[in-house]
Amino acid sequence: PTMLLCVKSWLALLVLVSRAVSLWYGTSSHVRVRLVSVSERGVVVTNAGPGQKPREVVEVPIDASVVNCLKGLKSGGLADRDGGFLDRAPWARARVTSREAYEVLKFGSGKSYERLLEACQKAFGDLSETLIEDAWPGRGRVRLEGALRFDTDQIVVDCFADEAIGLAAVSGCPLFLERKTFDAIKTSTSDVGREAQQEDDDDDEEAPRQQRPETIKSGAQYARLSTDDKVDALVAAGVTKRNFPRPRAMNDDPRGYDASLDDLLLPLCDEIARREVMIERALELGDQRTAAALIAGKSQRHKAYDRANDASTDGDFGAELKATYDKSVYDASKADVTQDDGDYNRFLDRDPWYEEQLRRNRSS
């Protein structure tokens with residue numbers, strides 16, 4: 001019995017220690033920050049401790065609609081936004097439904113972030129800490145967003161930056177910011193407000209002049225894409241910024257850093273490129289059955305592409321020319337080269353014989 005009691009005591013101690021260990025605090029990768037001020041421009045946070053004069057600060061842009069919420073001058077205003085805690089929480093693991101949490105946030109008592117804290121606690125228990133992070137996986141911009149960690153199973157939920165800041169303020173839990181991001185965009189207190197630290201979150205801005213996904217025509221071409229190339233292609237395709245995976249989650253993906261980007265990009269690529277990538281992955285995993293099924297399921301367009309490549313490798317110029325022509329016919333006949341045969345109504349495609357007839361008529 002004494003031994004059993006000792007074991008139970010040690011287990012209880014380990015549980016307490018595990019709850020006290022932070023995912024973000026005390027590491028070289030993050031710095032603890034606190035709220036300094038709120039303005040129409042955004043929120044200013046500093047790494048200076050309580051009672052210390054701020055010297056280095058970071059401006060965190062926030063939506064103008066929540067400024068008065070953060071100032072404590074308004075109740076409500078957080079429930080009907082898209083992309084925040086309510087949309088991103090894992091409700092299958094929650095103690096209440098998303099509808100119940102919404103009603104607390106929409107109709108509960110108290111100020112805006114007090115309601116949000118109550119909704120969080122009802123759903124996942126006590127809040128351990130909050131985070132501000134650069135949520136953009138590509139180059140050329142900083143996009144600050146928030147994340148929350150709860151004691152229960154160390155659940156981490158992505159959210160808006162203002163939600164992370166507001167919840168830290170009303171709950172008293174620690175607020176952290178990635179050290180590399182803090183160092184990259186920090187400024188002195190005298191420079192606050194002089195220039196933007198982050199691009200506006202405007203999903204309608206002009207996409208960079210990069211290749212669109214449907215122009216990625218082969219597995220080899222796809223394999224040459226860098227992470228930044230994949231991000232640029234998704235932006236060019238009109239994928240909204242809030243749908244991009246965050247670098248933190250990409251780092252934790254057991255499939256690899258780019259896996260979640262591939263999940264978004266491959267369905268938008270040429271069907272030949274997508275199938276070649278999938279065949280290569282199946283072979284790498286030793287899944288011969290899946291690879292064989294993918295090879296057997298190639299479209300006539302894909303087979304013509306393969307014949308052209310094989311003829312080119314063999315130096316058979318005539319066969320290459322014929323196969324290239326056949327593929328061009330299939331290209332012109334297919335309504336959407338990014339979709340596999342059978343994924344949409346086949347009557348949207350033009351019959352290849354009809355396309356060839358049109359070409360003969362035009363040539364005559």
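This is a predicted model: local features need pLDDT of at least 70, side-chain atom pairs count only at pLDDT 80 or more; totals for chains, interfaces and linings use all residues.
Local features need pLDDT of at least 70, side-chain atom pairs count only at pLDDT 80 or more, and totals for chains, interfaces and linings use all residues. Residues are numbered from 1 along each chain as its sequence is written, and side-chain values use heavy atoms, without hydrogens and water.

**View 1. Helix α14 covers residues 300–314.** Helices are DSSP runs of H or I with at least four residues, strands are runs of E with at least two, and both are numbered from the N terminus. The expected span is 1.5 Å times one less than the number of residues. For the 15 residues of α14 that gives 21 Å, and the end C-alpha atoms are 21 Å apart, so the two agree. After α14 comes G315, with a positive phi near 75°.

**View 2. Strands β2 and β3 pair in the antiparallel sense.** Pairing requires at least two DSSP bridges between strands. Here there are four bridges, and β2 spans residues 43–46. V44 stands opposite E59 in β3. Four of the five residues of β3 (56–60) are buried, so β3 is largely enclosed by the rest of the structure.

**View 3. K71 sits in the loop between α2 (67–70) and α3 (85–88).** K71 is partly exposed, at 40% relative accessible area. K71 and V38 are 33 residues apart in sequence. In space, their C-alpha atoms are 6.7 Å apart.

Notes. Buried means under 20% relative accessible area, exposed over 50%, partly exposed in between (1.4 Å probe, protein chains only).
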